[in-house]
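Here is a short report on a two-chain model. Have the sequence and the coordinates open as you read.

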Amino acid sequence: MKQKELTTVGKIFLVVWIVLCMLIVWALSSIPVYKPTIINFTNLYTCEKVEDQWIAVSSFNVGQDIYLCGNIRLSDSTQKKEIQVRVYEGERAFYKHEIFYANVMVSSMDKAILVNTYLSPGIYEIQINSGRRVLGVVQVEVVSQ
Amino acid sequence: MDDGCRTGEGCSLSQAQANEDAQKQALLQAEAAKGQCDEGHYSYCSNFDLWLKRHSKPVSGIHVGYSGQSGYGLEGGGYDQWDFLIDWKEGNLYVVQTVGAFSYLGTPTGMLGKIYAGTSVVHGVPGDVSDISGLLAGSQFDASAEIGLDAFAEVGFGKGFSVALDSEGNPYYTLGAGYMYTTANSLGFGPNAVPNAIELGGQLGGSESFIMWVIPLW
């Protein structure tokens with residue numbers, strides 16, 4: 001008796017599931033598959049602008065603007081993409097939380113990104129993310145003037 | 001009137017004045033910290049400010065999938081799951097395909113093929129990220145448990161828990177939104193080779209998610 005009830009429940013579940021799948025396939029078949037805009041941020045380094053040139057710098061004075069330079073490439077160069085900038089005190093570790101976080105829109109045309117924060121003297125690591133993908137990490141030192 | 005100065009000689013500033021100055025200083029510091037917090041310096045934020053700025057936004061939906069496993073008690077298997085997740089804040093539907101592998105420990109199935117469906121809730125998605133496709137795609141660490149009735153065909157209820165990992169393999173964390181993870185409830189059905197009357201087991205494994213469609217709903 002129990003086995004008969006189980007089979008009936010199973011059949012109902014199977015039919016509902018198949019109908020659900022068919023409905024989903026039918027609804028999605030007309031929609032083009034999502035093509036994500038992939039961002040690559042290679043050769044990441046900290047920099048400053050000197051006479052219209054971006055110069056690599058690894059040590060900054062307190063209060064000085066810190067920029068991140070590198071080759072920013074989007075798979076669709078007409079698009080902009082949101083990336084995340086995180087600053088960690090000292091070295092990053094999975095249990096450490098960032099002290100600064102910002103969402104920044106970037107395009108293939110961008111040469112540098114401003115890390116818009118005030119950092120007191122010390123060693124920091126700056127991490128760039130696109131969603132869960134870590135695009136790059138760079139270390140920076142901030143010294144008192 | 002008592003001016004609060006109790007040190008006698010050499011006391012140039014009354015205690016009342018000192019208290020007032022300290023209060024003003026504290027207010028100025030709090031104001032400065034609030035400004036720093038507003039600019040994204042989260043070490044200056046109060047817990048309430050952090051929650052306001054970056055609290056997890058609601059992302060949830062349904063899933064369907066199929067899985068297969070074999071072995072006797074200690075078993076191995078794989079699954080293919082499709083999630084239909086709605087970002088309720090932005091009004092976008094994300095169709096996510098997830099494929100994974102797992103180890104199973106529980107009552108023996110011999111060989112089990114199963115289809116399942118259920119609900120999924122994603123926690124820890126930062127409220128200020130508009131396009132969350134980059135957060136939903138990626139790898140996960142999975143854990144789940146299942147209980148069911150089994151008479152050659154099994155009907156079971158399962159609870160799943162997946163921790164989102166970044167590309168370096170660390171749990172994905174955002175200050176204010178917390179760790180990103182997914183909880184799921186599923187109802188599954190499928191034939192297996194070893195009937196146990198009651199099926200009971202747990203799974204541990206890993207998976208990878210891919211965004212298949214992003215559909216604006218409103």
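Start at one loop residue. Setting aside neighbours within four places in sequence, F94(A) is in contact with N170(B) and P171(B). Contact means that the C-beta atoms of two residues, placed from the backbone, lie within 7 Å. F94(A) sits in the loop between β5 (81-89) and β6 of chain A. It counts as exposed because it has 11 C-beta neighbours inside 10 Å. The cut-offs are these: 20 or more other C-beta atoms within 10 Å make a residue buried, 12 or fewer make it exposed, and anything in between is partly exposed. From F94(A) to Y45(A) is 49 residues in sequence and 22 Å in space, C-alpha to C-alpha.

The model is predicted: local features need pLDDT of at least 70, side-chain atom pairs count only at pLDDT 80 or more, and totals for chains, interfaces and linings use all residues. Residues are numbered from 1 along each chain as its sequence is written, while chains are lettered from A and ligands numbered from 1 in the order in which they are written.

**Chain A overall**

Chain A holds one helix and nine strands. Along the sequence the pattern is α-β-β-β-β-β-β-β-β-β. Its radius of gyration is 25 Å, well over the 15 Å that the globule rule gives for 145 residues, so chain A is more spread out than a compact globule. That radius is taken over C-alpha atoms, and the rule is 2.2 Å times the number of residues to the power 0.38. Along the principal axes, the C-alpha atoms of chain A fill a box of roughly 85 × 35 × 20 Å. Of the 145 residues, 24% count as buried. Among contacts in chain A with a separation of 6 or more, 63% join residues 24 or more positions apart. Helices (H or I, at least four residues) and strands (E, at least two) are DSSP runs, numbered from the N terminus.

**Strand pairing in chain A**

Two strands pair if DSSP finds at least two bridges between them. One open sheet has four strands in the order β2-β1-β4-β7 (chain A), with antiparallel pairing. The table lists some of the strand pairs of chain A.

| Strand pair | Sense | Bridges | Example of facing residues |
|---|---|---|---|
| β1 (39-50) and β4 (66-74) of chain A | antiparallel | seven bridges | T42(A) and N71(A) |
| β3 (59-61) of chain A and β9(A) | parallel | three bridges | S59(A) and E141(A) |

β8(A) and β9(A) form a hairpin with two residues between them. In the turn, G131(A) has a positive phi of about 65 degrees.

**The side facing chain B**

How many residues of chain A are in contact with chain B? There are 31, and they touch 38 residues of chain B. α1 (2-28), β6 (100-106) and β9 (133-143) of chain A each supply at least two residues of this side. α1(A) gives the most, with ten residues. By class, the side of chain A that touches chain B has 19 nonpolar, eight polar and four charged residues. Here Ala, Val, Leu, Ile, Met, Phe, Trp, Tyr, Cys and Pro count as nonpolar, Asp, Glu, Lys and Arg as charged, and the others, Gly among them, as polar.
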